[in-house]
Amino acid sequence: MSIQNLNSRDPFADAIKGADDDIQDGLVHIRIQQRNGRKTLTTVQGLSVEYDLKKIVRSCKKEFACNGTVIEHPQYGEVLQLQGDQRENICQWLTKAGLAKADRLKVHGF
């Protein structure tokens, strides 16, 4: 019988990254899609898979007073969809929440 819990493993290994290292490694693409008439959708694609996108959508829905969902896109993976033109709001919110830096945000449609 051997004791297994004495193996050396650093429990803080994931915290060693530091505050300077981003979890977000690629660009975050924020696009607008025209629906019908004056109705639009804002899509956010490229957020890190380490984030819980459903919690992000829930927070954005409360903050921006709009509806939203997470959809599975065959090419882009999981994509956030928010009703209305929320491009500027989502840019400010992502930087304020620390989920992405301003230089990692790519806004399409301006």
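Which residues is Val28 in contact with, leaving aside its neighbours within four places in sequence? Select Val28 and you'll find Val44, Gln45, Gly46, Leu47, Leu94, Ala100, Arg104, Leu105 and Lys106; contact means heavy atoms within 4.5 Å.

Before moving on, a word about the model: it is predicted, so local features need pLDDT of at least 70 and side-chain atom pairs count only at pLDDT 80 or more, while totals for chains, interfaces and linings use all residues. Residues are numbered from 1 along each chain as its sequence is written, and side-chain values use heavy atoms, with hydrogens and water left out.

Next, pick Lys106, in strand E5 (residues 105-107). Helices (H or I, at least four residues) and strands (E, at least two) are DSSP runs, numbered from the N terminus. Beyond its neighbours within four places in sequence, Lys106 is in contact with Val28, His29 and Ile30. Draw a line between the C-alpha atoms of Lys106 and Val44: they're 62 residues apart along the chain, yet separated by 9.8 Å.

Of its 20 residues, Val28, Ile30, Leu47, Ile56, Ile90, Trp93 and Leu94 touch the most other members. Strand E1 (28-34), helix H1 (53-64), E4 and helix H2 (87-97) each supply at least two residues, and H1 gives the most, with 5.

Last stop: Gln81, in strand E4 (residues 77-83). Gln81 is buried, at 17% relative accessible area.

Terms used. Buried < 20%, exposed > 50% of the residue type's maximum accessible area, 1.4 Å probe, protein only. Core = buried A, V, L, I, M, F, W, Y, C linked by side-chain atoms within 4.5 Å.
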